[in-house]
Amino acid sequence: MSYIFKENLVSSSKYSIKCPYPMKPRYVVCHNTANDASATNEVSYMIRNNNSVSYHLAVDDTCVIQGIPLNRNAWHAGDGSRGPGNRYGIAVEICYSKSGGPKYTAAEENAVYVMARLLYQYDLGIDALKQHADFSAKNCPHRIRDEGRWNSVKTRVETVLQAIKEGRCDPKLSSGTTVISPPYSPDDESPSLPGLKFTVKVICNELNIRKEASFTSQVVGTVKKGDVYTIVEVSNGLGRLKSGAGWISMGTDYVEKVKIDSPTDSNDSSSSFTVKVICNELNIRKEASFTSQVVGTVKKGDVYTIVEVSNGLGRLKSGAGWISMGTDYVEKVTTTSSSSSSGYQVKIVNCSVLNVRSGAGTSYPVVTTVKANEVYTIVDESNGFGKLKSGAGWISLSYTKKI
């Protein structure tokens, strides 16, 4: 899942109505809109009318729209012209809260990342995250409060904020990404190799070198985009430079691995494993990078075979691409060995790509695909379809050959 960030800023001619005071933010204030309008419509209406009601950002399931500059106040907290909410709070309105449902759930998830990024941008701690109700007697954010989930939302924001500090989540509000990469560790790829060294290339414009393995440690220098360095140790999301100059972030938005000094580079299919998607929707990326092009999505409950892991992503056996291996997104599932006496094996024939469906029939949605000449174990049959042993779904047996 991700969002598109856009600005639709109120005209400076309306500053006296909508945002009359300069502001250095002290809070990020969470609201629910209490209607079912999109972020685009919310902000367009806000900047078009002449009411002394305003907010900085509206967030829906696909977009984040900014209507007020973040260095000016807005009238949103109901605590008067001198109230701390109105004068020092960045207002984040979460859309579709009246009816709820999947669109609201997605909007709230986007807002979690937006609020964490705002806290990080202004060097604020999690205690600076507030509800509208903290400043005035209004039940807002109404849906979150009515469902008793404020502490849960706050915890989710804190998780993202910590990931940003560790270099595992893009800190930019405009990035639109809603993903946290797992803690970076070369041991994930070659656990039996003590003293492993590997090489990274800097992919951001400039990256700080820190004295110690901490994102709060003293900055002792910088490295530039395109520079290549050898890392000899990883700790707390940072890697120690072989030169001894210090530590740099291992976040995938800042560096990419270009070589592992390993005697073998095995992608043996015997190391494959099966995962189940546990989030609502998870991006499939073209390559093993969290900044790589999104080429599709997988849904909650889907089961897939992973044949390779790199940079915290797993390559789908189907060849569709790579998905995050983060424990907030997938969980490993136990599968029965292919040598089991149950079921039989088939080879995909008579087509180049075959749909895998959620049920035994063409009326069921396509959840992924398999390719020609691949071999799968079938454990059940119905309506001319076979159920894949992996649990991924059902395929038409008309395009298979028993082996």
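Modeller: Contact here means heavy atoms within 4.5 Å. The model is predicted: local features need pLDDT of at least 70 and side-chain atom pairs count only at pLDDT 80 or more, while totals for chains, interfaces and linings use all residues. Residues are numbered from 1 along each chain as its sequence is written, and side-chain values use heavy atoms, leaving out hydrogens and water.

Colleague: Which elements do the buried residues of helix 6 pack against?

Modeller: Helices (H or I, at least four residues) and strands (E, at least two) are DSSP runs, numbered from the N terminus. The buried residues of helix 6 (under 20% relative accessible area; exposed is over 50%, partly exposed in between; 1.4 Å probe, protein chains only) are W150, V153, V157, V160, L161, A163 and I164. They pack against strand 2 (27–32), helix 4 (102–121), strand 6 (129–131) and helix 5 (142–146).

Colleague: Within what arc do the buried residues of helix 6 fall?

Modeller: An α-helix has 3.6 residues a turn, so residues three or four places apart point the same way. The buried residues of helix 6 include V153, V157, V160 and I164. Taking directions from the helix axis to the C-beta atoms, the buried residues of helix 6 line one face because they fall within an arc of 160°.

Colleague: With which side chain does the side chain of N49 make a polar contact?

Modeller: N49 lies in the loop between helix 2 (39–48) and strand 3 (57–59), and is buried at a relative accessible area of 14%. Leaving aside residues up to four places away in sequence, N49 touches K14 and K18. A polar contact is a pair of N or O atoms within 3.5 Å, within protein one able to donate a hydrogen and the other to accept it, with sequence-adjacent residues counting only if both atoms are side-chain atoms. At 2.5 Å, the side chain of N49 makes this contact with that of K18.
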